[in-house]
Amino acid sequence: YCNRTRSRYGIDLSYCQFENLSIEEIDLAQAAFSGSSFKNVVFKKCQLPQLFMQIPEFNQCRFEACEMTGLFLQKAILHKVHFKQCDLHQSDWLVVELFKCQFTDCQFSSTQMGQCDFYDCYFNHCDLSELQTNKIDFHNSHFKQCQFENANLTSANIANAHLIESLLPNK
C-alpha cells in the first residue's frame with residue numbers, strides 16, 4: 001500500500017513499502033520517500049536528483065547508472081546496497097548507517113556527511129573529492145583507487161579502514 005500525493009518536493013511516496021521491483025529510466029526528481037522501505041529493489045538509469053529521504057530503509061537494493069545529485073538522506077539504514085556508476089555529488093547524508101554496502105565508480109564530490117557509520121563497506125574507483133565529514137566512522141571499510149582531493153577528513157575515523165591505491169588529502 002502506498003498513498004501517493006504531491007508535496008513541495010514533487011511526488012510524495014512517503015511511508016510506502018517497495019519490494020522485489022525493477023525500476024528503469026524513471027524520473028523522480030525532487031520526490032520524497034520519508035519513512036519508506038525498499039527490499040530487493042533495482043533502480044537502473046533513473047533520474048533521482050534532489051531526492052528527499054528521511055528515515056528510509058534499504059535492504060539488498062541496487063542503484064545502477066542513476067543521477068542522484070543533491071540527494072538528502074537523513075536517519076537512514078542501508079544494508080547490502082550496491083551503487084554502481086551513480087552520481088551522488090553535492091548530497092547531504094546525516095545520521096546514516098551503512099552495512100556491507102558497495103560503491104563502484106561513483107561520484108561523491110562536494111558531498112557532506114555527518115554522523116555516518118560505514119560497516120564493512122567497499123568503495124571502488126570512487127571520487128570523494130571535496131568530501132566534507134563530521135563524525136564519520138569507516139569500520140573495516142575498503143577504499144580501492146579512490147580520489148580524496150581536497151576532502152576534509154579531520155573528523156573522520158579511518159583508523160580501521162583499508163586504503164588500497166588511494167591517496168588521502170594533505171591536510
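**Nonpolar core and parallel strand pairing**

In this predicted model, the largest nonpolar core comprises 52 residues, among which F63, L78, F83, W93, F103, F118 and F123 touch the most other members. At least two residues of this core are supplied by each of β3 (17-24), β4 (37-44), β8 (72-79), β10 (92-99) and β16 (136-139). With neighbours within four places in sequence left aside, F83 is in contact with F63, M68, L78, L88, Q102, F103, T104 and C106.

Strand β4 takes part in several pairings. It runs parallel to β3, to which it is joined by 7 bridges; within this pair, I23 has F43 of β4 as its bridge partner. Strand β6 (residues 57-59) is likewise parallel to β4, and 3 bridges connect the two, with N59 of β6 as the bridge partner of K39. A further parallel pairing, over 3 bridges, links β4 to strand β7 (residues 62-64). In β7, R62 is the bridge partner of V42.

S91 is located in the loop between β9 (82-84) and β10. Its relative accessible area is 1%, so S91 is classed as buried, the cut-off being under 20%. The side chain of S91 reaches the backbone oxygen of L88 at 2.7 Å. When residues up to four places away in sequence are not counted, S91 touches M68, T69, G70 and L71, together with S110, T111 and Q112.

Methods. Residues numbered from 1 in each chain as written. Predicted model: local features only at pLDDT ≥ 70, side-chain atom pairs only at ≥ 80, totals over all residues. Heavy atoms only, no water. Core = buried A, V, L, I, M, F, W, Y, C linked by side-chain atoms within 4.5 Å. Buried < 20%, exposed > 50% of the residue type's maximum accessible area, 1.4 Å probe, protein only. Helix = DSSP H or I, 4+ residues; strand = E, 2+ residues; numbered from the N terminus. Contact = heavy atoms within 4.5 Å. Pairing = 2+ DSSP bridges. Polar contact = N/O pair within 3.5 Å; in protein donor to acceptor, adjacent residues only side chain to side chain.
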